[in-house]
Amino acid sequence: LLLEASSQLGDVRGCLAVVEEMMALGLQPASHAFDRLIHACTYGASGQGELGLRLLGHMRRQGLEVSVVQANRVLQGLAKAKLWQPALQLLDDMLQ
């Protein structure tokens, strides 16, 4: 619930704190937790596309499937931050 509320507010720090606390307690966040964090990165005022990109990498390393929606949100965050090269690389990765 806290993660959802923080995400809707675009509170990247709040979402990240919840996910980090989960991990500190030995809990592996599910794909939904990362989805909320990616949402906050994309729709927050800061447009933290690079963090979203790192989160996708973390998800893959943890064996979590990255959805098209999650990848698109990160793509939006990268574009919002005018990070064109990483955005193009992600788009290329998505198309393969």
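Here is a quick tour of this structure, from its confidence scores to its salt bridges and a patch on its surface.

## What you're looking at

This is a predicted model, where local features need pLDDT of at least 70 and side-chain atom pairs count only at pLDDT 80 or more, while totals for chains, interfaces and linings use all residues. Residues are numbered from 1 along each chain as its sequence is written, and side-chain values use heavy atoms, with hydrogens and water left out.

The score pLDDT is the predictor's confidence in each residue, from 0 to 100. The chain has a mean pLDDT of 89, with 96% of its residues at 70 or more. Helices are DSSP runs (H or I, at least four residues), numbered from the N terminus.

## A chain of salt bridges

A salt bridge here is a side-chain nitrogen of Lys or Arg within 4 Å of a carboxyl oxygen of Asp or Glu. The count comes to three, and Glu4, Asp35, Arg36 and Arg73 are linked in a network of them. Start with Arg36 and Glu4, whose closest N and O atoms are 3.3 Å apart. That pair links distant parts of the chain, with Arg36 in helix α3 (residues 31-43) and Glu4 in helix α1, 32 residues apart.

Next, Asp35 bridges to Arg36 at 3.1 Å between the closest N and O atoms, and Arg73 meets Asp35 at 2.9 Å, N to O. Arg73 sits in helix α5 (residues 68-80) and Asp35 in helix α3, so this pair ties together parts that are 38 residues apart in sequence. As for cover, buried means under 20% relative accessible area, exposed over 50%, and partly exposed in between (1.4 Å probe, protein chains only). Arg36 is buried at 6%, Arg73 and Asp35 are buried too, and Glu4 is partly exposed at 30%.

## Ser7, tucked away

Ser7 is found in helix α1 and is buried, with a relative accessible area of 1%. Leaving aside neighbours within four places in sequence, Ser7 is in contact (heavy atoms within 4.5 Å) with Cys15, Arg36, His39 and Ala40.

## A leucine patch outside

Over on the surface, Leu88, Leu91 and Leu95 form a nonpolar patch, with about 310 Å² of accessible area together. Patches are made of residues with over 30% relative accessible area and no salt bridge: like charges are joined within 9 Å, nonpolar side chains (Val, Leu, Ile, Met, Phe, Trp, Tyr) within 5 Å. Accessible areas come from the Shrake-Rupley method with a 1.4 Å probe, and for residues only the protein chains shown count as cover. Leu88 is found in helix α6 (residues 84-95) and is exposed at 51%.

Notes. Helix = DSSP H or I, 4+ residues; strand = E, 2+ residues; numbered from the N terminus.
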